[in-house]
Amino acid sequence: MNTRFRQALGLFARTERVGPNLMRLAIAIVFIWIGLLKFVPYEADSITPFVANSPVMSFFYNHPTEYKAHLTHEGQLVPEQREWQTANNTYGFSTGLGIVELTIAALVLAYPLSKKLGLLGAFLSFGTTLVTLSFLVTTPEAWVAALGDAQHGFPYLSGAGRLVLKDTMMLAGSWVIGVDAAKAILAENQKR
């Protein structure tokens with residue numbers, strides 16, 4: 001290994017504190033953006049299959065088993081489906097979920113002010129992501145439907161399934177920022 005390359009690697013290695021902070025920012029951006037979208041009907045409509053099929057969340061809907069007849073595409077307005085989604089509590093649940101997601105983002109971003117709040121944000125982010133990843137098991141729409149092609153079902157993820165699978169990175173990132181916050185809390189306690 002030549003000297004310049006070794007020096008460059010050394011400089012890069014000294015930026016290790018940037019990683020957890022970038023991860024906090026990335027997690028917060030995702031929770032803020034997606035959390036704010038939860039207040040908009042198209043996002044609430046799009047999570048309907050996940051919520052309706054989830055044993056952890058389906059009870060928030062009034063008619064979870066009837067969702068398939070009332071789905072719309074993103075950007076599509078069908079007034080009758082909106083009415084059903086309203087009666088189903090789709091929008092009420094989505095608003096509540098948006099508030100939870102914005103709260104998690106705020107806790108994650110609170111790390112510089114309070115390591116304990118940052119740790120709580122990491123735990124909540126991790127838990128939320130576990131629930132999201134469970135949709136791969138509970139939601140039929142996470143897999144390509146059997147519509148005639150040989151490639152359907154497991155392991156062929158649909159667009160919704162591919163979106164959910166990306167949460168494995170959020171899960172890992174939540175772990176990283178949680179460990180970082182735990183180390184900071186321990187270091188603060190040692191100084192006392």
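This is a predicted model: local features need pLDDT of at least 70, side-chain atom pairs count only at pLDDT 80 or more; totals for chains, interfaces and linings use all residues.
Where does proline 155 lie? You'll find proline 155 in the loop between α7 (115-138) and α8 (159-165). Now look from there to tryptophan 175, which is 20 residues apart from proline 155 along the chain. The C-alpha atoms of these two residues are separated by 26 Å.

Time to zoom out. How many helices and strands does the protein chain have? It has nine helices and zero strands, and reading along the sequence gives you the pattern α-α-α-α-α-α-α-α-α. The radius of gyration of the protein chain is 21 Å, while the globule rule gives 16 Å for 192 residues; 21 Å is well over that, so the chain is more spread out than a compact globule.

What about the contacts that link one part of the chain to another? Among contacts with a separation of 6 or more, 67% are between residues 24 or more positions apart.

Next, the inside. Of the 192 residues in the protein chain, 36% are buried. Threonine 72 is a handy example: its relative accessible area is 18%, so it falls under the 20% cut-off and counts as buried. Threonine 72 sits in a loop too, this time the one between α4 (48-53) and α5 (79-88). Setting aside neighbours within four places in sequence, threonine 72 is in contact with Asp45, Val78 and Gln81.

Then there are the nonpolar cores. The largest one has 16 residues, and the members that touch the most other members are Ile47, Val51, Tyr61, Phe93, Leu136 and Val164. Helices α4 and α7 each supply at least two residues of this core. Which residues does valine 164 touch, not counting those up to four places away in sequence? They are Phe50, Thr132, Leu133, Phe135 and Leu136. There's also a second, separate core of nine residues, including Ile27, Ala122, Met170 and Ile177.

The accessible surface of the protein chain is about 11700 Å², and carbon and sulfur atoms account for 68% of that.

How values were computed
Residues are numbered from 1 along each chain as its sequence is written. Side-chain values use heavy atoms; hydrogens and water are left out. Helices (H or I, at least four residues) and strands (E, at least two) are DSSP runs, numbered from the N terminus. The radius of gyration is taken over C-alpha atoms; the globule rule is 2.2 Å times the number of residues to the power 0.38. Buried means under 20% relative accessible area, exposed over 50%, partly exposed in between (1.4 Å probe, protein chains only). Contact means heavy atoms within 4.5 Å. Accessible areas come from the Shrake-Rupley method with a 1.4 Å probe; for residues, only the protein chains shown count as cover. A nonpolar core is a set of buried Ala, Val, Leu, Ile, Met, Phe, Trp, Tyr and Cys residues joined through side-chain atoms within 4.5 Å.
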